[in-house]
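Colleague: Please take me through this structure one feature at a time. Give me the general idea of each feature, then the case here.

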Amino acid sequence: MAGKHTYHRPEHHHDHCRCSCGGGRFITFLKILIAIIIVVGLAVLILWLIFRPNKVKFNVTDAKLTQFNLIDNQLHYNFALNITVRNPNKRIGVYYDTIESSAIYKDQRLQTQWLPPFYQGYKTTAVISCVFSGQQLLLLAGQGLTEFNAERVVGVYEMNMELNLRIRLKFGAVRVGKFKPKVNCEFKVPLSSDGSSVVGSVFESTGCDIDYW
């Protein structure tokens, strides 16, 4: 009688190997990713230590309002203003590729203009000039209407100026980024019809808020 043969089910070594290999690849990928993050972080830190970037400063330094009449919900206006832009950085230049300026009154947009692009070098001051003139539908009620009437009596109006920018930064010979900061300027401007302001009212230079993100 033939001898009995014992059958042994083969062990799945290849499954264990596949799991081990997959885990090894993930760990290797994780190590590479951490190394890249560390290198990039060090590079950013070194650049910051070298260039020490400071925020560009915007100020409304002059504004003239020569017409501001509301007739049958139509606002007839004419005003001009200058905004100084100060780049305090010693090693960073700024390319202003897009400059969208908007005049706003009581949260209502009166007019929008596109200003010419320019480059601002290190530690320099530039001036952005805007002139807004025309008429626009202006619907006021409640508090907005009350504030307008009070401002008309005094002869001084609270205005807003918004700048939507698209800029690039220059580090030496390298140009980086496409940033889109928003600048908001709130200021009070006296009404004048003959080039002189209302008695007792003088325009005061006003700083602007900047949101880089």
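This is a predicted model: local features need pLDDT of at least 70, side-chain atom pairs count only at pLDDT 80 or more; totals for chains, interfaces and linings use all residues.

Colleague: What is the relative accessible area of Arg168, and how do I class the residue?

Modeller: Buried means under 20% relative accessible area, exposed means over 50%, and partly exposed lies in between, using a 1.4 Å probe and protein chains only. Arg168 has a relative accessible area of 22%, so it is partly exposed. Residues are numbered from 1 along each chain as its sequence is written, and side-chain values use heavy atoms, with hydrogens and water left out.

Colleague: Which residue forms a salt bridge with Arg168?

Modeller: Side chains of opposite charge can pair when their charged atoms come close. The test for a salt bridge is a side-chain nitrogen of Lys or Arg within 4 Å of a carboxyl oxygen of Asp or Glu. Arg168 pairs with Asp97, and their closest N and O atoms are 2.6 Å apart. Arg168 sits in strand S7 and Asp97 in strand S3, so this pair ties together parts 71 residues apart in sequence. Asp97 is partly exposed, at 31%. Strands here are DSSP runs of E with at least two residues, helices are runs of H or I with at least four, and both are numbered from the N terminus.

Colleague: How many salt bridges does a search of the whole structure find, and which residues are linked in a network?

Modeller: The search finds five. Lys106, Glu147 and Glu151 are linked in a network.

Colleague: How do I read a nonpolar core, and which residues touch the most other members here?

Modeller: In soluble globular proteins, nonpolar side chains tend to be buried together. A nonpolar core is a set of buried Ala, Val, Leu, Ile, Met, Phe, Trp, Tyr and Cys residues joined through side-chain atoms within 4.5 Å. The largest core in this model has 39 residues, and Phe58, Leu81 and Phe187 touch the most other members. Elements that give two or more residues to it include strand S1 (57-71), strand S2 (74-87) and strand S9 (182-190). Strand S7 supplies the largest share, seven residues.

Colleague: What does Phe187 touch?

Modeller: Contact means heavy atoms within 4.5 Å. Leaving out residues up to four places away in sequence, the list for Phe187 includes Val60, Leu81, Met159, Met161 and Phe203.

Colleague: Where is Asn87, and what does its side chain reach?

Modeller: Asn87 is in strand S2 and is buried, with a relative accessible area of 0%. A polar contact is a pair of N or O atoms within 3.5 Å; within protein, one must be able to donate a hydrogen and the other to accept it, and residues adjacent in sequence count only if both atoms are side-chain atoms. The side chain of Asn87 reaches the backbone oxygen of Gly121 at 2.9 Å. A polar contact, also of 2.9 Å, joins the side chains of Asn87 and Asn89.

Colleague: Which residues other than glycine have a positive phi?

Modeller: Asp72 is one of them, with a phi of about 50°; Asp72 is in the loop between S1 and S2 and counts as exposed at 71%. Lys123 is another, with phi near 45°. Lys123 lies in the loop between strand S5 (118-120) and S6 and is partly exposed at 42%.

Colleague: How many helices and strands are in the protein?

Modeller: There are two helices and 11 strands. Along the sequence they follow the pattern α-β-β-β-β-β-β-α-β-β-β-β-β.
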